[in-house]
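Me: I am new to this structure. Could you walk me through some of its parts by question and answer?

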Amino acid sequence: MSPQVPESRYSLQTRLVLAFGILLILFLGLAGFVLDRAFKESVAAAVEERLQLQVYALLGVAEPDEEGFFLPDLQEARFAQINSGLYGFIVDAAGTEVWRSPSALDVNLEQANFMSQHVAPGQTMFGAMDSPVQGRLSYASYGTFWSALDQEYSFIVMESVEPTAAEIREFQSNLYLWFGGLALFLSIAQLTLLRWGMKPLQQLAMEVSSIEAGEKDQVEHEYPPELQAVSKNLNLLIKSERERQSRYRTTLGDLAHSLKTPLAVISGIVQQVRQKSGSVEQGDNVALQELDEQLERMNQIVSYQLKRATRSEQSRHLGTTVQAVPVVEKIISALGKVYLDKPVSLIKNLDAEAVFQGEESDLMELCGNLLDNAFKYCRSEIRVRVSKKGQGLQIDIEDDGQGIAEQDRQWVLKRGARGDTLKSGQGIGLAVAVDIVSAYKGEISVGTSELGGASIHVKL
Amino acid sequence: MRLLIVEDEDLLRAQLVKALSDAGYVVDSAGDGETGLFQAQECDYDAAIIDLGLPKINGIDLIKTIRTEGKKFPILILTARDNWTDKVEGLDSGADDYVVKPFQIEEIKARLNALLRRAAGFAKPTLDFASLSLDTTSKRLSVAGNEVELTAYEYKVLEYLMLHPGKVVSKTELTEHLYDQDYDRDSNVLEVFIRRLRQKLDPDESLKPIDTIRGQGYRFNVPASS
């Protein structure tokens, strides 16, 4: 027994789609995260640089006076306009405000704890705070030592974060839009490429199933180099399997021939001896009778076992279908010749669509045996019906002969009832038919026909 | 009745020749298809027994060729391959019946008898002509219900004539179909048989069953009773 192979739950296509999909999400997610972060950092750096420049601008125009500082010539118009979003402050070392820009008249500095924080001269401290009116503000606080006043001061510039936040939001929405589009495009491209790439595999799968269904003899399509080895070998396998089967059958046929001819010779000798019965003693006559019986038995065993051998191995048919009706017609015409002396009225009901999935010789053997029995045992009437049953085939054969006794039916249909256990004179026809039907996993049943004789029903 | 037997197994062929000769047939035989075909072409046979597995020309091809050449005599197939594909192929190619090996000689005789009778257009094993009735199975003749003794040769002549009713059968044809080739073909002997048959069939000369056609031969001239 071969080890049980676990069945793959996912198709190749599903695997590739899943893998690529996960990769796509990871890649786009990570790239988006990195881009977003880099952009925010660069925006933050730009803000800091701007604040620093504004601090320098304040420093450049600051002039000390008795009350603190006087900044006469502010270059940046936004310092002059109230609530412009750009605010300047100067605080002394104690954190006391000594100057604020006109724009900052409204700014409430209660939350601005950082103002009291000491910033060493020449250093800049960056940060952000919330103001109840102006919203969130980012700031830069620059420490400086004013030698004329002999004191340290902090020059502070605050700027509303709103414009930069808006810039970031816009960047993000752009980013989402582009990445979304990219994801969509890549997904479509991936599916298209996948379908194109997988097409030969699907084609091969389809061809294999039509070979299985018997619609084709072999793989015909041209495949890419990677699959050519598979398709070629598959064709070789199918071919060698068919050759093997036919060789097997020929060999067994030859074996039958070489066994049966000597049997025929022996049987002839027995008859020659018997014909000179004048010179044969009574005891010898009994011996001849026994010899005859044993010969008949040997013959039955040889026939039956050879038939079984040629059949059971062929139960796995590899892609052949046969039109059932021509086979049945051929047999009926052949039997018509053989039983020419017997006036038989034959009612045929044959569906030309009916197809047998298997070897023609098996169907011929099956129908040959059943029809031969019908011709042999009927009185004058036979009915044959061949019909299509879904994918399968149904054969019903009835006659008006003696029929098969109720108590014999089970026994007669038992598979593998061996040739040497057959009652003499019964023939091996029905036993062979039963074997063929079970080799094809079909059903066979025996009943009583309304014609009065046996009715045999076969489903394949 | 002249038979051709084509069978490659020497012993079996010898048995068949012996048994059928004993049964009153004139038998020619061949051991391969080629010789068989030659004989079938050369001689006019009443029936042939042909094995399917033959050397040189196989049985099926032999039968096909014989039929293509217009020979109509019945053919009985012998086959060891007891499968329907072969049987159907054989019957399809032009044979009329088959016997599967091994067989009882009696079966061959019965089948042959039926084939010969059928070929002549008789459905029953008894050939009935007016008050004459020839049983081909038991080889007995009855005239108006009374059994009449016939010698083996008388029977052969009568059977042949009855199987070809209304047809003029020449003396040559009769000798060919009733005697072995090496038999002394003395037409006087035939005339003796015919004369004796006439006496046995028609003692009061009312039926006149066998006509003599001058220079041509004999004709069995009683309408068959259906």
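Me: Which helix gives the most to the side of chain A that touches chain B?
Reply: In this predicted model, 26 residues of chain A are in contact with 25 residues of chain B. On the chain A side, α3 (225–275), α4 (282–312), α5 (324–338) and α6 (360–377) each supply at least two residues. The one that gives the most, with 12 residues, is α3(A).

Me: How many charged residues does the side of chain A that touches chain B have?
Reply: Sort that side by class. It has 10 nonpolar and 11 polar residues. The charged residues number five.

Me: Which residue in β6(A) does Asp130(A) stand opposite?
Reply: Strand β5 (residues 124–131) and strand β6 (residues 135–146) of chain A run antiparallel, joined by eight bridges. A hairpin of three residues links β5(A) to β6(A). Opposite Asp130(A) stands Arg136(A).

Me: Is Gly442(A) buried or partly exposed?
Reply: Gly442(A) sits in the loop between α8 (429–439) and β13 (443–448) of chain A. A buried residue needs 20 or more other C-beta atoms within 10 Å. Gly442(A) has 18, so the word for it is partly exposed.

Me: How far apart in space are Gly442(A) and Lys459(A), C-alpha to C-alpha?
Reply: Leaving out residues up to four places away in sequence, Gly442(A) touches Val437(A), Val458(A), Lys459(A) and Leu460(A). Lys459(A) is 17 residues from Gly442(A) in sequence. In space, their C-alpha distance is 5.4 Å.

Me: Within what arc do the buried residues of α2(B) fall?
Reply: Now to chain B. Helix α2 (residues 33–42) has Gly33(B), Gly36(B), Leu37(B) and Ala40(B) as its buried residues. They line one face of the helix, because seen down its axis they fall within an arc of 100°.

Me: Which residues are exposed on the other side of α2(B)?
Reply: Start with the buried residues of α2(B). They pack against β1 (2–6), β2 (26–30), β3 (47–51) and α3 (59–68) of chain B. On the other side, the exposed ones are Phe38(B) and Glu42(B).

Me: Which are the edge strands of the open sheet in chain B?
Reply: Five strands of chain B make up this sheet, in the order β2-β1-β3-β4-β5, with parallel pairing. An edge strand here pairs on one side only. The edge strands are β2(B) and β5(B).

Me: What is the bridge partner of Ile50(B) in β4(B)?
Reply: β3(B) and strand β4 (residues 75–79) of chain B pair in the parallel sense. Four bridges hold that pairing. For Ile50(B), the partner is Ile77(B).

Me: Why is Thr172(B) exposed?
Reply: Thr172(B) lies in helix α7 (residues 171–178) of chain B. Gly217(B) is 45 residues away from Thr172(B) in sequence, yet 8.6 Å away in space, C-alpha to C-alpha. Thr172(B) is exposed because its number is 12.

Technical notes
Residues are numbered from 1 along each chain as its sequence is written. Chains are lettered from A and ligands numbered from 1 in the order in which they are written. This is a predicted model: local features need pLDDT of at least 70, side-chain atom pairs count only at pLDDT 80 or more; totals for chains, interfaces and linings use all residues. Two strands pair if DSSP finds at least two bridges between them. Two residues are in contact if their C-beta atoms, placed from the backbone, lie within 7 Å. Ala, Val, Leu, Ile, Met, Phe, Trp, Tyr, Cys and Pro count as nonpolar, Asp, Glu, Lys and Arg as charged, and the others, Gly among them, as polar. The arc is that of the directions from the helix axis to the C-beta atoms.
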